Amino acid sequence: MELEMKKDIRALSIEDLGEICRENGQPLFRAKQIYEWLWAKAVFTFDEMTNLPKAFRSFLQENYVINNITINTRQVSNDGTIKFTFRLFDNHLIEGVIIPTDTRLTACVSSQVGCSLSCSFCATGFMGRKRNLNFDEIFDQYIIMNQEAMDAFGKPLTNIVYMGMGEPLLNYANVLKSIDFISNPETINFSPKRITVSTAGIAKMIKKLADDEVRFNLALSLHAPNDVKRDKIMPINSSNNLETLIESLLYFYQNTGNKMTFEYILLKDFNDTNEDAHELIKLCQRVPAIINVIEYNQIDEADFEKTSESSRDKFITLLERNRVTAKVRKSRGKDIDAACGQLANKTT
């Protein structure tokens, strides 16, 4: 049977696996064994499923495939950040990053091949969207980067952020299913409180997150304190303006109790003035949130510049004087195009 005709076994439920076992004269507990190999032990080959009879492993090998991702390239930054290009089963490429700090080892995972939102400060947006990732392709990013973290730093990942390539809420089902598999006590058992999903702002999907009673953290890529400026850099704002987003964020907060994060890239002479800070303060008085102030990382496709350190410090001081919690998220991996906004499968 040709490879492209084989079904990906990870697309099957445990009930489906049970039916395969029954049809092949295997006891039902074999289904749980296969499931554990796929999701708890996260193997990528049938040969590794050593507690299955050899003949049954051969049957699975002949009739099914595991469409796992593989490392295509690996780059290490001067600051210890590691960027990976992952190759998917259909030869598309995505990127993922391990970000080491004094207290955390964070995996930044992608949810789409490219992105359709075309934010003017982000390299991924200039790629366009090729396709959504399947939930297992997101799961694989965690599995591979966790092992790489163990090899490189001697300890596992502490946090996961869905801040890589793509808009997670435009791949809603696969993103939530990947989080379910990563956080399930019977598989990886990674705490959802250490998972953050970042969105450019899809109001109806933020409300759906609340209705689905998610337990992970939510971050909004805000980047401008009013609609006029946000329209200029984030086209999604034309259909999801700030008032609509505030309504959805308040709904999320009221239903989950989770305080949110506003991601705010400071762009020189665009959104870094005292007036911008005061408008941002007013937003935070309406929506309980902390501010992640992000340094702009240069990309070839845009002419923005990062604000000066003195302007950044004045901006943060003004926020803090008005009881808004703000912290600087330092850029990591800029020398290998691994920093925020730089992911675009750039290889040279």
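Modeller: A search of the whole structure turns up one cavity of 30 Å³ or more. A cavity here is a set of points on a 1 Å grid over the protein atoms alone where a 1.4 Å probe fits but cannot get out. This is a predicted model, where local features need pLDDT of at least 70 and side-chain atom pairs count only at pLDDT 80 or more, while totals for chains, interfaces and linings use all residues. Residues are numbered from 1 along each chain as its sequence is written, and side-chain values use heavy atoms, with hydrogens and water left out.

Colleague: How much space lies in the largest cavity?

Modeller: About 60 Å³, where a volume is the space filled by probe spheres set on the grid points, joined across faces, edges and corners.

Colleague: Which residues line the largest cavity?

Modeller: Leu220, Leu222, Leu242, Leu245, Ile246, Leu249, Phe262, Leu283 and Val287; lining residues have an atom within 4 Å of a point. Helix H8 (residues 242-256) gives the largest share, four residues. Helices are DSSP runs of H or I of at least four residues, strands are runs of E of at least two, and both are numbered from the N terminus.

Colleague: On to H9. Which of its residues are buried?

Modeller: Asp276, Ala277, Leu280, Ile281, Leu283 and Cys284. They cover an arc of only 160 degrees around the axis, which puts them on the same side of H9; the arc is that of the directions from the helix axis to the C-beta atoms. Buried means under 20% relative accessible area, exposed over 50% and partly exposed in between, with a 1.4 Å probe and protein chains only. On the other side of H9, the exposed residues are Asn274, Glu275, Lys282 and Gln285.

Colleague: What do the buried residues of H9 pack against?

Modeller: Helix H7 (227-233), H8, strand S12 (260-266), strand S13 (289-295) and helix H10 (309-321). Contact means heavy atoms within 4.5 Å.

Colleague: And which are the buried residues of H10?

Modeller: Phe315, Ile316, Leu318 and Leu319. Seen down the axis of H10, they fall within an arc of 155 degrees, so they line one face of the helix. Their cover includes S12, H9, S13 and strand S14 (326-329). Glu309, Lys314 and Arg321 are exposed on the other side of H10.

Colleague: Why does glutamate 320 count as partly exposed?

Modeller: Because its relative accessibility is 45%. Glutamate 320 is found in helix H10.

Colleague: What follows H10?

Modeller: Arginine 323, with a positive phi near 60 degrees.

Note on methods:
On a 1 Å grid over the protein atoms alone, a cavity is a set of points where a 1.4 Å probe fits but cannot get out, and a pocket is an open set with protein on both sides within 12 Å along at least five of seven lines; lining residues have an atom within 4 Å of a point.
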